[in-house]
Each structure stands twice: as structure tokens, then as C-alpha cells.
Amino acid sequence: MSISEGAVLHGGCLCGDVRYVMQGPSLFISQCCCKDCQKATGTGHTTIIGIHKDQLTVEGKPATYTNYGDTGGSVTRHFCGNCAGRLYTSGDAPGDHIMIQAGSLDDPAQIAPESVIYVKDSLAWDKFDPALPQFEALPPRDL
Ligand SMILES: [Zn+2]
Ligand SMILES: [Zn+2]
């Protein structure tokens with residue numbers, strides 16, 4: 001269930017210090033099972049909504065942490081410095097995209113993942129919908 005053109009969704013962290021507004025359309029919505037997402041969230045996967053960075057407006061100042069993904073590009077995770085709630089990820093590849101953490105939406109039930117990525121790192125106890133397209137690592141660039 002993607003986000004349509006013209007849709008406006010609100011979200012923020014647990015304590016409310018950082019709030020954001022994102023506009024549709026979504027470029028992709030994926031469940032990412034990579035090991036970095038497991039470590040960053042303390043869960044089996046994260047669900048991300050890809051948008052262009054000009055579709056996001058942030059109020060408040062998130063803290064950030066940058067490391068490097070398996071393709072060598074930087075990955076910067078934005079989160080609340082007070083409550084540690086994860087908000088979105090930006091990075092080099094490609095640099096004009098933002099990946100919103102779907103669970104930070106005020107109403108995460110508005111979306112649903114359309115694909116599963118980094119299946120090679122997925123955990124047996126973290127189930128996903130077998131009907132979704134699956135990719136061993138990143139999907140082809142145009143997805
Ligand atoms: Zn917070
Ligand atoms: Zn990941």
C-alpha cells in the first residue's frame with residue numbers, strides 16, 4: 001500500500017521533540033532485514049518509506065549517526081537525541097533520497113511494505129509476507 005501523490009502524512013519521535021511532515025508519493029516501501037537495521041533498531045527488520053528529500057519537512061533537530069553500508073556509501077540515521085526514537089535515514093546512494101522509518105508515522109497503518117530487501121540477513125523468527133517480492137540485498141536501482 002503505497003502513499004499517493006498529494007498525500008500528507010505526519011510523524012515524529014516518541015517524546016515529540018522532533019516532528020515531521022512528509023508528502024506523497026512514496027518511491028518504494030520496503031522491509032529491510034540488513035544487519036545494520038537489526039542493530040540500529042534492536043529488532044529483526046525495519047520498514048522504510050523512500051521519498052525525495054524535498055518531500056520531507058522536519059521541525060526540531062534530530063541527532064545523527066553515520067556509518068558505511070556494504071556498497072561503501074554513507075548511511076546517516078536521524079533520531080531524537082532525547083528519546084532515541086528513530087525517524088529517517090539519508091545517505092550517498094542516492095543522495096537525494098530519504099528513507100522514513102514507517103513506525104515513526106503517527107498512523108503507520110496507512111502504509112504496508114511492497115518488498116523485502118536484504119533477505120540474506122533475515123532471521124528465522126522475524127516473519128514477512130512471502131507474497132512480497134524479495135531481494136537478497138538491494139533491489140535494482142529503478143525499483
Ligand atoms: Zn523524542
Ligand atoms: Zn537495512
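1. Two strands pair if DSSP finds at least two bridges between them. Strands here (E, at least two residues) and helices (H or I, at least four) are DSSP runs, numbered from the N terminus. By that rule, β8 and β9 form a hairpin with five residues between them.

2. Some ground rules. This is a predicted model: local features need pLDDT of at least 70, side-chain atom pairs count only at pLDDT 80 or more, and totals for chains, interfaces and linings use all residues. Residues are numbered from 1 along each chain as its sequence is written, chains are lettered from A and ligands numbered from 1 in the order in which they are written, and side-chain values use heavy atoms, with hydrogens and water left out.

3. Start with the seven-stranded sheet. It is open, and its order is β6-β7-β8-β9-β4-β3-β10. The pairing is mixed. β6 (63-68) and β10 (115-117) are the edge strands, each pairing on one side only.

4. Five bridges join β7 to β8, and the two run antiparallel. His-78 stands opposite Tyr-88 in β8. These strands form a hairpin with six residues between them, and Ala-84 in the turn has a positive phi of about 70 degrees. β8 is also joined to β9, by three bridges, again antiparallel. Here Ser-90 faces Ile-98, and Thr-89 has Met-99 as its bridge partner.

5. Is β8 enclosed or open to the outside? Five of its six residues are buried, so β8 is largely enclosed by the rest of the structure. Buried means under 20% relative accessible area, exposed over 50%, and partly exposed in between (1.4 Å probe, protein chains only).

6. The other sheet has three strands. Its order is β1-β2-β5, it is open, and its pairing is antiparallel. β1 and β5 (56-59) stand at the edges with a single partner strand each, so one side of each is left without a neighbour in the sheet. The twist averages 15 degrees from one strand to the next. Five bridges join β1 to β2, with Val-8 opposite Gln-23. Four bridges join β2 to β5, with Met-22 opposite Leu-56.

7. Which residues have the most contacts inside the largest nonpolar core? They are Met-22, Ile-49, Leu-56, Ile-100 and Ile-111, in a core of 18 residues. Such a core is a set of buried Ala, Val, Leu, Ile, Met, Phe, Trp, Tyr and Cys residues joined through side-chain atoms within 4.5 Å. β2 (19-23), β4 (46-52), β8 (86-91) and β9 (97-101) each supply at least two of its residues. Leu-56 has contacts (heavy atoms within 4.5 Å) beyond its neighbours within four places in sequence, including Tyr-20, Val-21, Tyr-88 and Ile-98. In soluble globular proteins, nonpolar side chains tend to be buried together.

8. Now the zinc ion (ligand 1). Cys-13, Cys-15, Cys-80 and Cys-83 coordinate it through SG atoms at 2.3 Å. Donors are N, O and S atoms within 2.8 Å of the metal (3.2 Å for Na, K and Ca); water is not among the atoms, so sites may look incomplete. The four donor atoms make angles of 106 to 116 degrees, and the site is tetrahedral (all angles between 85 and 135 degrees). The spacing of the donor residues is C-x1-C-x64-C-x2-C.

9. Cys-15 is in the loop between β1 (8-12) and β2, and Cys-83 is in the loop between β7 (74-79) and β8, 68 residues apart. Cys-15 is partly exposed at 35% relative accessible area. Cys-83 is partly exposed at 23%.

10. β1 and β2 form a hairpin with six residues between them, and Gly-16 in the turn has a positive phi of about 90 degrees. Its relative accessibility is 37%, so Gly-16 counts as partly exposed. Gly-16 and Cys-83 are 67 residues apart in sequence, yet 8.7 Å apart in space, C-alpha to C-alpha.

11. Finally, the zinc ion (ligand 2). Its protein donors are the SG atoms of Cys-32, Cys-34 and Cys-37, lying 2.1 to 2.3 Å from it. They follow the spacing C-x1-C-x2-C. Cys-32 and Cys-37 are both buried.

How values were computed:
Four donors count as tetrahedral if all angles lie between 85 and 135 degrees; four count as square planar and six as octahedral if opposite donors are over 155 degrees apart and all others between 65 and 115; anything else is irregular. Axes are lines fitted to C-alpha atoms, for helices over the stretch in contact, and angles run from 0 to 180 degrees between N-to-C directions.
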